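I opened this model to look up one residue and its surroundings. My notes follow.

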Amino acid sequence: EVLNGSINPTWKKLLFLDGDDIEEATEEANVVVTIWSKSERKKAGWMQFNVATILASKVVQEDLEGGGTIFVHATEHIIDGSGFKLKIHGRDLVNLDGVGFGALRGDKSDPFYEIQTVSGTVVYTSEVKDENLNPDWSVAEIDLQSLCNGDFDASLKFVVFDQDRGEKTKLMGSFECSVNELMIAAANGTIFAISRDGEKTGEILV
């Protein structure tokens, strides 16, 4: 992957390392990262990293001899065969039930989320977390073909709702990203902001 005209590049292409036992497979495994300058057609620097060390600390950094620093992020594999495993948390979600009599009773929103494709098809619906503005939803296991048709850069929409009595729901907020962006977020701790009508209504952590 080439990033043009940048001395502070952030590469998004992911490298997958597979092993039957992640601890045994990574104990002695090392990764050599080499940076090349395409315009000058020469090596800009390189560094060797231990996979187990990266997994333990999530991110490691090393200074290059010629100047500059390489940061490497890693997380355990979240793609298993044709399935995609995803666990997300909500933080400081807007309280749609904390108004009027709800405020007097101390009511809180009951959030759940949907994952939608670009066509609007709902491919996953989470469980409802009652009275919780910082929900910790269960692990979602989703078929990759249904999720993104194998295109890890395809846009997905995450929509968070407040479950009211019966079948009624209220929109709490949403954000868009791809499978690749989710995996990068899992590795480096990126936080996604959800919004409604242009206003931030909470945060989602992967």
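**Entry: Glu114**

I first listed the contacts of Glu114 (heavy atoms within 4.5 Å). Beyond its neighbours within four places in sequence, Glu114 touches Val122, Tyr124, Thr125, Lys157, Phe158, Val159 and Phe161.

I noted the ground rules. The model is predicted, with local features needing pLDDT of at least 70 and side-chain atom pairs pLDDT 80 or more, while totals for chains, interfaces and linings use all residues. Numbering runs from 1 along each chain as its sequence is written, and side-chain values use heavy atoms, without hydrogens or water.

Where does Glu114 sit? I found Glu114 in strand β8; strands are DSSP runs of E, at least two residues, numbered from the N terminus. β8 (residues 111-116) runs antiparallel to β9 (residues 122-125), with three bridges between them. Pairing takes at least two DSSP bridges.

I then checked the charge. Glu114 is buried and has no salt bridge. Buried means under 20% relative accessible area (1.4 Å probe, protein chains only). A salt bridge needs a side-chain nitrogen of Lys or Arg within 4 Å of a carboxyl oxygen of Asp or Glu. The nearest side chain of opposite charge is Lys157, 9.3 Å away; Lys and Arg count as positive, Asp and Glu as negative, with His and chain ends not counted.

For scale, I looked up the whole chain: buried residues make up 34% of its 206 residues.

Methods: Buried < 20%, exposed > 50% of the residue type's maximum accessible area, 1.4 Å probe, protein only. Helix = DSSP H or I, 4+ residues; strand = E, 2+ residues; numbered from the N terminus.
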